[in-house]
Amino acid sequence: MSKDESFHFELLFTLGNTIFGAGDVNDALVAAKDIKAGNFTSWLETFHAVAEYTKKQAEDADNAYNSLNVREAWFAASSYYRQADFYNHANWTDPRINSFWLEQRAAFDKALAALPVPGERIQIPTDNFTIEAIWYTAAANGVKRPTLVIGNGYDAGQEDSYHSFVVSALARGWNVMTYEGPGQPTVRRNDDIGFIPDWEKVLTPVIDELMNRKGCFVDEDRLVLVGVPMGGYLAARAAAFEPRIKALILNGGVWDVYEGYAGQLTPDLKELLAAG
């Protein structure tokens with residue numbers, strides 16, 4: 001979808017998730033045609049324009065009181081704002097790093113509210129940071145259900161997990177809790193804290209919240225932890241310290257984060273890294 005390998009991957013990601021409500025196939029194909037390969041500004045401007053157009057559609061649907069159209073349009077707008085943000089992290093003083101993120105979050109929250117059982121954002125405080133989580137349930141009827149706990153890795157927000165996992169899980173009667181910890185998009189922005197290796201300090205409070213929160217009816221014998229990309233390391237590390245997890249899915253299984261990144265560095269960059 002692009003001569004640039006990274007752009008191609010991200011455009012495929014966007015296209016693939018359209019089947020789960022992350023936008024429209026036509027939008028993804030038109031964006032791919034308009035984006036100049038390797039040009040970050042072109043990527044940002046193209047997806048921002050699509051996001052703004054889709055936001056207007058969502059607002060129009062909102063005014064027409066059509067809940068299905070409202071939900072789909074707001075989820076799509078949120079997805080496009082996240083894509084507009086994706087490559088825009090080189091200059092930390094760029095106000096769009098936060099403004100695009102706030103737009104995607106606001107759009108996502110409107111979509112959450114329009115779900116058959118509205119999703120719920122949860123903030124879980126710890127001594128050093130606040131974990132951001134979202135709770136979803138297939139039916140709020142007091143029945144204990146199998147539950148997925150899903151964490152992404154280096155650069156994806158928990159909102160992406162809705163399209164990748166939550167839609168399918170809810171359709172099969174599962175609960176889902178997604179979350180973000182240090183280094184991940186919202187916590188990085190809000191608390192200005194990077195990744196920590198001892199990820200059990202993130203996961204254990206999430207499981208505590210899940211078990212103790214009113215309205216979270218969880219089958220304790222069917223509690224599954226999912227870690228995606230670098231989350232495959234984070235989830236493996238955390239699960240070693242969390243006996244309440246009954247099954248663990250690592251996609252992929254990352255044994256050593258340093259080796260994964262260092263293998264992509266040139267000898268000159270490795271010398272700079274070793275020198276601090």
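User: What volume does the largest pocket have?

Analyst: In this predicted model, the largest pocket has a volume of about 1,500 Å³.

User: And how many residues line the largest pocket, and which lie nearest its centre?

Analyst: The lining of the largest pocket is made of 48 residues, and those that lie nearest its centre are Phe86, His89, Tyr154, Asp155 and Ala156.

User: Which helices each supply at least two residues of that lining?

Analyst: They are H1 (5-17), H4 (67-85), H5 (96-113), H6 (158-171), H7 (185-191) and H10 (257-262), and the largest share, six residues, comes from H1.

User: How do the residues of that lining divide into nonpolar, polar and charged?

Analyst: The lining of the largest pocket divides into 20 nonpolar, 19 polar and nine charged residues.

User: OK, what about the second largest pocket, what volume does it have?

Analyst: The second largest pocket has a volume of about 280 Å³, and it is lined by 16 residues, of which Arg71, Leu115, Pro116, Tyr162 and Leu170 are the closest to its centre.

User: Which elements give two or more residues to the lining of the second largest pocket?

Analyst: Those elements are H4 and H6, while by class the lining of the second largest pocket divides into 12 nonpolar, two polar and two charged residues.

User: Switching to helix packing, at what angle do the axes of H2 and H3 cross?

Analyst: The axes of H2 (residues 25-34) and H3 (residues 40-63) cross at roughly 150° and come within 9 Å, and because of that angle H2 is roughly antiparallel to H3.

User: Is the crossing of H2 with H3 left-handed or right-handed?

Analyst: H2 passes H3 in a right-handed crossing, with Asp27, Ala31 and Asp34 in H2 meeting Ser42, Thr46, Phe47, Val50 and Thr54 in H3; the residues of this contact divide into three nonpolar, three polar and two charged.

User: And how do H3 and H5 pack?

Analyst: H3 and H5 pack at an angle of about 30°, with their axes 12 Å apart, and H3 passes H5 in a left-handed crossing.

User: Which residues make that contact?

Analyst: On H3 the contact is made by Leu44, His48, Glu52 and Lys55, and on H5 by Arg96, Phe100 and Glu103; by class, the contact of H3 with H5 has two nonpolar, one polar and four charged residues.

Terms used:
Residues are numbered from 1 along each chain as its sequence is written. This is a predicted model: local features need pLDDT of at least 70, side-chain atom pairs count only at pLDDT 80 or more; totals for chains, interfaces and linings use all residues. Side-chain values use heavy atoms; hydrogens and water are left out. On a 1 Å grid over the protein atoms alone, a cavity is a set of points where a 1.4 Å probe fits but cannot get out, and a pocket is an open set with protein on both sides within 12 Å along at least five of seven lines; lining residues have an atom within 4 Å of a point. Grid points are joined across faces, edges and corners, and a volume is the space filled by probe spheres set on the points. Helices (H or I, at least four residues) and strands (E, at least two) are DSSP runs, numbered from the N terminus. Ala, Val, Leu, Ile, Met, Phe, Trp, Tyr, Cys and Pro count as nonpolar, Asp, Glu, Lys and Arg as charged, and the others, Gly among them, as polar. Axes are lines fitted to C-alpha atoms, for helices over the stretch in contact, and angles run from 0 to 180 degrees between N-to-C directions. Angles under 35 degrees count as roughly parallel, over 145 as roughly antiparallel, 65 to 115 as roughly perpendicular and the rest as oblique. A crossing is left-handed if the near helix is turned anticlockwise from the far one by less than a right angle, and right-handed if clockwise. Contact means heavy atoms within 4.5 Å.
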